[in-house]
Amino acid sequence: MGQLDGQVAFVTGAARGQGRSHAVRLAQEGANIIAVDVCRQVDTVPYPTATPDDLAETARQAKALGPPIVATEVDVRDPAELKTAVDDGVAQLGRLDIVLANAGISVPAPTLEMTEEIWSTMIDVNLTGVWKTCVAAVPHIIAGGRGGSVVITSSLAALKANANTAHYSAAKAGLVGFMRVLALELAPKNIRVNTVHPTAVATEMILNDVTYKLFRPDLEHPTRADFEEAARTLNKLPVPALESIDISNAVLYLVGDSGRYVTGTTHTVDAGGQL
């Protein structure tokens, strides 16, 4: 038996990276999954964003483990799309217990040089999109009357500053304040709310030429090896980046019985990045 047998989890940004890992890890523990991702190129994002094939692969991996999955192409900036996806998923799977507000983008840019569109898109996806996700999904947890858990993907960038990430850091830090208020409001209903704060994770959002250049501005065409050399200096443990499963296991702790009395916390998985 899995830790989450019979429960249903809603995961945003589920087509690949951490979102796919979370969906698959929770499915391994018996959870049914409602998975969404935008599945088209997001304006201002300089690396390829998720595709329909990516979301289909997440669904394939989760279904192979046994529990059902309902996967839909959804932009977290669109509250109507979010509500429809959650409502349809709950109608098919019968309940909702867990919300993983994971969808996010990264667009490095100097603070005084970024365009208004770059700033606004970052805030709309990484901060406002989380609020819209919770508005669409959390009422289903409340309606179930069984309690539940919300885990919001923030970042080490909310706790430690790096150049060229003002909009990203502002969004991720804003999630902490949002989380604490929501945790306070939902505690009487036995619904826990926490943020998880990874250091760099080896996903498509990080493993691209734009990020390599951010970490190695001294090189004209930096490679992944060049990026990893610089990234190792950020972490006190001898690793350049974490794997998605490292964050998924932290999420599982927070949503399972292991975290049943954990709420309102900033759960950091940073390889000593704050030290």
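**Pocket and helix packing, Q&A**

User: What volume does the second largest pocket have in this model?
Analyst: Keep in mind that this is a predicted model. For the second largest pocket, the volume comes out at about 250 Å³.

User: Which residues sit closest to the centre of that second largest pocket?
Analyst: The pocket is lined by 16 residues. The ones closest to its centre are R146, G148, R192, V255 and D257.

User: How many charged residues are in the lining of the second largest pocket?
Analyst: Split by class, the lining has three nonpolar and seven polar residues. The charged ones in that lining number six.

User: Moving on to helices, is helix 3 roughly parallel or roughly antiparallel to helix 4?
Analyst: Helix 3 covers residues 79-93 and helix 4 covers residues 116-144, and their axes come within 9 Å. The axes cross at roughly 25 degrees. Angles under 35 degrees count as roughly parallel, so helix 3 is, relative to helix 4, roughly parallel.

User: Which residues of helix 4 make the contact with helix 3?
Analyst: Helix 3 passes helix 4 in a right-handed crossing. From helix 3, the contact uses P79, L82, K83, V86, D87 and V90. By class, the whole contact has six nonpolar, two polar and three charged residues. On the helix 4 side, the residues are K132, T133, A136, A137 and H140.

User: How is helix 1 set against helix 8, oblique or roughly parallel?
Analyst: Helix 1 is residues 17-28 and helix 8 is residues 244-255; their axes come within 9 Å and cross at roughly 50 degrees. Roughly parallel needs an angle under 35 degrees, and roughly perpendicular starts at 65. That is why helix 1 counts, against helix 8, as oblique.

User: Which residues in helix 1 meet helix 8?
Analyst: The crossing of these two, helix 1 and helix 8, is right-handed. Helix 8 brings S244, I245, I247, S248, N249, V251 and L252. The contact divides into four nonpolar, seven polar and one charged. Helix 1 supplies G17, Q18, S21, H22 and R25.

User: Is the crossing of helix 1 and helix 2 left-handed or right-handed?
Analyst: The contact is made by R20, A23, V24 and A27 of helix 1 with D54, E57, T58, Q61 and A62 of helix 2. That contact has four nonpolar, two polar and three charged residues. As for the handedness, helix 1 passes helix 2 in a crossing that is right-handed.

Key
Residues numbered from 1 in each chain as written. Predicted model: local features only at pLDDT ≥ 70, side-chain atom pairs only at ≥ 80, totals over all residues. Heavy atoms only, no water. 1 Å grid on protein atoms, 1.4 Å probe; cavity = no way out; pocket = protein on both sides within 12 Å on 5 of 7 lines; lining within 4 Å. Points joined across faces, edges and corners; volume = space filled by probe spheres on them. Nonpolar A, V, L, I, M, F, W, Y, C, P; charged D, E, K, R; others polar. Axes fitted to C-alpha atoms, helices over the stretch in contact; angles between N-to-C directions. Helix = DSSP H or I, 4+ residues; strand = E, 2+ residues; numbered from the N terminus. Parallel < 35°, antiparallel > 145°, perpendicular 65-115°, else oblique. Left-handed = near helix turned anticlockwise from the far one by under 90°. Contact = heavy atoms within 4.5 Å.
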